[in-house]
Amino acid sequence: MLSYLIRRILLVLPVAFGVSVICFLLVQIAPGDPLTAIMAIDATAEEQAAMRAAYGLDKPLPIQYAIWIGNLVQGDMGKSIATGRPVAAEVFGAVKNSLLLAVSAAVIAFPIGIFLGFLAGYFRDTWIDRAVTALSITGVSVPNYWLGIVLVIIFSVNLSWLPSMGAGPGGSQSWAWDWAHIRHLVLPAVTLAVVPIGIVSRTVRALAGDILSQDFVDALYAKGMSRADVLRHVARNAAATALSVMGLQLGYLLGGSILIETVFNWPGSGFLLSNAIFQRDLPLLQGTILILALFFVAMNLIVDVVQAAIDPRIQRT
Amino acid sequence: MTKLLEMKNLNVRFKGKRTVHAINDVSLSMDQGETLALLGESGSGKSVTLKTLLGLLPPKRSQIDGSIHVNGVDIMSLRGRALQRYRGGEVSMVFQEPALALDPVYTIGHQIAESVMRHKGVDKANAMSTALDMLDRVRIPSANRRLHNYPHELSGGMRQRVMIALALACRPRLLLADEPTTALDATVQIQILLLLRELQKEFGMGVIFVTHDIGVAVEISERVAVMYAGQIIEEGTTHEIIRDARHPYTQGLLAANLHDVARGERLSAIPGAPPALEARPDSCPFAPRCPVAMPECRADLPPMLAPGDRRRVACLRAAQPIAAE
Ligand SMILES: Nc1ncnc2c1ncn2[C@@H]1O[C@H](COP(=O)(O)OP(=O)(O)O)[C@@H](O)[C@H]1O
Ligand code: SF4
Ligand SMILES: [Mg+2]
């Protein structure tokens with residue numbers, strides 16, 4: 001298992017390298033000059049050159065990349081062009097908030113998705129199965145920003161039960177586990193949970209249905225096992241695949257919440273990303289994408305390792 | 001002594017998109033410790049008969065009529081805990097595909113122990129030592145290490161030995177073996193057959209051995225019941241079946257076997273295919289393939305004749321001497 005782990009981690013390094021190169025090149029291929037936004041419109045050629053040198057943009061690309069990576073591993077991701085604040089601080093603050101939102105959505109979505117999926121798989125081809133299927137297809141198909149707006153209209157505007165904007169009294173920088181903060185989390189987390197409920201329930205339904213139709217289920221009953229015993233076996237068989245789907249869903253939740261964070265003004269990475277795009281803040285854009293991409297790579301690694309650890313059929317050498 | 005098995009007028013019908021009359025009026029009885037081969041080609045209802053015996057048919061889609069008593073107990077009325085005690089305790093089963101019948105994510109030791117814990121009420125450690133003992137008895141080498149293997153780490157033959165160990169761990173009075181060697185290589189098949197025969201002598205349980213291979217049937221069992229289209233069309237001791245088969249179908253099987261047809265093709269050596277069972281047969285189901293069929297055969301179900309003690313044949317011609325072909 002240890003050698004598998006080491007090998008798997010070593011395999012991640014080239015992927016991480018590729019990701020960093022793409023993020024770096026993003027600045028190069030983006031149309032327009034990143035400095036125009038902060039430069040005076042009437043800057044002279046010398047002033048422009050000086051600015052270029054100050055940002056290291058006058059050096060050849062590989063050197064620029066080396067410098068960028070060198071700074072990166074020391075935790076220096078440059079400064080935001082728009083705010084002048086260090087990118088690292090901005091990104092980590094935002095990722096923390098996004099993670100909070102993503103994990104909350106996952107905590108809502110995964111148990112519900114597992115429960116519904118199991119129900120549909122166990123009662124395959126009955127009205128229960130059809131109801132769950134309809135529900136999950138609706139969940140996956142409804143645009144979630146639209147759903148977010150509908151929920152805001154109902155629960156914030158009409159009923160005034162829950163707030164629709166921001167992350168609570170402390171603003172973007174301080175989160176606390178009290179109702180004043182949690183009530184801000186409810187609507188975005190619920191909205192974000194709808195798609196993974198659909199996907200997890202579809203996955204678990206397929207898994208449970210497939211496993212229940214296998215011969216060993218008959219064999220379990222034939223040796224006198226109870227229904228509860230059989231369901232335990234089914235769960236254990238489904239665990240590895242279900243966990244990996246959920247791990248990847250968590251990755252998507254973190255990276256894919258741009259629209260939801262924008263709808264709810266949630267100070268997370270998606271919100272930061274959309275700001276960075278609209279303000280053409282390339283260092284910030286670069287840093288945010290890099291961190292999100294690396295998180296996704298890490299999530300994949302964790303999923304693979306966990307799967308190998310709990311599923312004896314997977315080759316671990 | 002109470003009969004080990006008394007099955008009377010069993011009928012099984014599957015409902016759904018297509019109705020299948022899988023079992024039609026099957027009666028069977030077995031003494032304690034008897035070995036019976038249930039012989040028939042694919043689709044003749046052998047597996048359904050065994051599954052009915054263990055109450056494994058999907059309740060919503062199957063309609064079961066008739067009665068089954070095992071050691072005097074009406075097993076069709078068993079529910080809940082009583083049914084669980086019966087399954088694996090009183091009667092247990094070895095499946096055709098050992099690769100599919102074992103749970104891939106539990107060790108084989110766990111899977112045997114689980115059953116022992118349920119039936120004997122012992123703790124995990126005790127159950128594991130029973131499992132180890134059973135692996136020894138089915139002649140699995142270095143059983144101690146194998147206990148912690150997963151099914152995919154074993155060969156097909158080893159997996160079938162594990163299934164047998166699992167089935168016998170709680171000392172059932174009746175073992176159902178559903179084509180236990182069909183999925184295995186020829187040399188392994190023979191080893192498994194010999195093992196089953198030895199274990200039967202050692203443990204003294206009754207065995208229903210399902211096969212489509214008449215050679216295997218006569219090798220393993222004292223009695224043979226031949227199934228066709230969900231009916232038992234002939235039954236007798238192995239000796240009677242070999243020497244004095246009365247039903248043209250059984251005779252065809254024997255002839256094909258003697259003429260050294262390649263293994264596995266023996267049953268298809270009789271031209272034609274068994275009938276689709278969408279309706280309950282109301283004439284001799286073998287008539288379309290029967291070389292000696294008469295017009296009367298298509299008019300009504302042939303009567304069940306009893307030419308001897310526990311000897312039966314369902315054929316109009318069985319009463320009269322048959323002209324050899
Ligand atoms: N669960 C089921 N639902 C519907 N039809 C079934 C089911 N199980 C078996 N059958 C049908 O019953 C007939 C007998 O099958 P089976 O007992 O498996 O034959 P075999 O003698 O090869 O073991 C076949 O026509 C089969 O298609
Ligand atoms: S009853 Fe008639 S058709 Fe059926 S097996 Fe006997 S001779 Fe052949
Ligand atoms: Mg079968």
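Author: This is a predicted model. A place to start is Glu202(B), which counts as partly exposed because its relative accessibility is 43%, between the cut-offs of 20% and 50%.

Reader: What does the side chain of Glu202(B) meet in a salt bridge?

Author: The partner is the side chain of Arg137(B), with 2.7 Å from N to O. Side chains of opposite charge can pair when their charged atoms come close.

Reader: Strands next. Which side chain does Glu234(B) meet in a salt bridge?

Author: That of Arg311(B), at 3.0 Å from N to O. Glu234(B) belongs to strand β10 (residues 231-237) and Arg311(B) to strand β12 (residues 311-314) of chain B, so this pair ties together parts 77 residues apart in sequence.

Reader: Are Glu234(B) and Arg311(B) buried or exposed?

Author: Both Glu234(B) and Arg311(B) are buried.

Reader: What about Arg312(B), which side chain does that one meet?

Author: Arg312(B) forms a salt bridge with Glu235(B), 2.7 Å from N to O. This pair also links distant parts of the chain, with Arg312(B) in strand β12 and Glu235(B) in strand β10 of chain B, 77 residues apart. Arg312(B) and Glu235(B) are buried.

Reader: How many salt bridges are there over all chains?

Author: A search of the whole structure gives 23. Some residues are linked in a network of salt bridges: Lys223(A), Asp229(A) and Arg232(A) from chain A, with Glu114(B) and Arg118(B) from chain B.

Reader: Changing topic. Where does ligand 2 sit?

Author: Ligand 2 sits in the largest cavity.

Reader: Which residues surround ligand 2?

Author: Chain B supplies the shell, including His247(B), Pro248(B), Phe286(B), Leu316(B) and Arg317(B).

Reader: What does the shell look like by class?

Author: Around ligand 2 there are ten nonpolar residues, one polar and one charged.

Reader: Back to chain B as a whole. How many helices and strands are there in chain B?

Author: Chain B has eleven helices and twelve strands. Its C-alpha atoms fill a box of roughly 65 × 45 × 45 Å along the principal axes.

Reader: What radius of gyration does chain B have?

Author: Chain B has 20 Å, which agrees with a compact globule, because one with 325 residues would have a radius of gyration near 20 Å. Of the 325 residues of chain B, 54% count as buried.

Reader: Last topic, backbone angles. What is phi of Glu179(B)?

Author: Near 45°, which is a positive value in a residue other than glycine. Glu179(B) lies in the loop between β7 (174-178) and α8 of chain B. Glu179(B) is buried because its relative accessible area is 9%, under the cut-off of 20%.

Reader: And what is phi of Asn265(A)?

Author: Asn265(A) has a positive phi near 50°, again in a residue other than glycine. Asn265(A) is found in the loop between α10 (258-263) and α11 (269-278) of chain A, and is partly exposed, with a relative accessible area of 30%.

How values were computed
Residues numbered from 1 in each chain as written. Chains lettered and ligands numbered in written order. Predicted model: local features only at pLDDT ≥ 70, side-chain atom pairs only at ≥ 80, totals over all residues. Heavy atoms only, no water. Near = heavy atom within 4 Å. 1 Å grid on protein atoms, 1.4 Å probe; cavity = no way out; pocket = protein on both sides within 12 Å on 5 of 7 lines; lining within 4 Å. Sits in = over half its atoms within 2 Å of the grid points. Nonpolar A, V, L, I, M, F, W, Y, C, P; charged D, E, K, R; others polar. Salt bridge = Lys/Arg side-chain N within 4 Å of Asp/Glu carboxyl O. Buried < 20%, exposed > 50% of the residue type's maximum accessible area, 1.4 Å probe, protein only. Helix = DSSP H or I, 4+ residues; strand = E, 2+ residues; numbered from the N terminus. Rg over C-alpha atoms; globule rule 2.2 N^0.38 Å.
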